[in-house]
Amino acid sequence: MSEWPQDDTLVTLREDFCIDFVSQSCGEWRLGRAAVLRRARGWYLQRGIAELPAALRELPPLVDIDV
């Protein structure tokens with residue numbers, strides 16, 4: 001994590017993500033990059049932070065697939 005610039009917003013996002021998702025998951029799980037980025041974008045928008053990082057601005061649309 002030290003290679004990435006840290007600010008209060010990123011620290012809070014990381015802590016909220018860990019509390020909301022990781023801590024409630026079972027012992028073994030997989031989570032794709034797109035799922036993490038979508039969760040992060042929602043987090044920013046819920047807090048009214050309009051200036052999104054580039055990785056969050058250009059996500060492809062969700063695709064509904066039948067499993």
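Reader: Which residues of α1 are buried, and what makes them count as buried?

Author: In α1, Leu13, Asp16 and Phe17 are buried. Buried means under 20% relative accessible area, exposed over 50%, and partly exposed in between, using a 1.4 Å probe and protein chains only. They cover an arc of only 100° around the axis, so they sit on the same side of α1; the arc is taken from the directions from the helix axis to the C-beta atoms. By the way, this is a predicted model, where local features need pLDDT of at least 70, side-chain atom pairs count only at pLDDT 80 or more, and totals for chains, interfaces and linings use all residues. Residues are numbered from 1 along each chain as its sequence is written, and side-chain values use heavy atoms, with hydrogens and water left out.

Reader: What is on the other side of α1?

Author: Asp8 and Ile19, both exposed.

Reader: What makes aspartate 16 and arginine 47 a salt bridge?

Author: The term asks for a side-chain nitrogen of Lys or Arg within 4 Å of a carboxyl oxygen of Asp or Glu. Here the N to O distance is 2.9 Å, so the pair qualifies. Aspartate 16 is in helix α1 and arginine 47 in the loop between α2 and α3, 31 residues apart.

Reader: Why is arginine 47 called partly exposed?

Author: Its relative accessibility is 40%, which is why arginine 47 counts as partly exposed.

Reader: Which residues of α2 are buried, and how do you know that they line one face?

Author: Leu37, Ala40, Trp43 and Tyr44 are buried. Seen down the axis of α2, they fall within an arc of 120°, so they line one face of the helix.

Reader: What makes up the largest nonpolar core?

Author: Eight residues: Leu13, Leu37, Ala40, Trp43, Tyr44, Leu52, Leu56 and Leu59. The largest share, four residues, comes from α2. A core like this is a set of buried Ala, Val, Leu, Ile, Met, Phe, Trp, Tyr and Cys residues joined through side-chain atoms within 4.5 Å.

Methods:
Helices (H or I, at least four residues) and strands (E, at least two) are DSSP runs, numbered from the N terminus.
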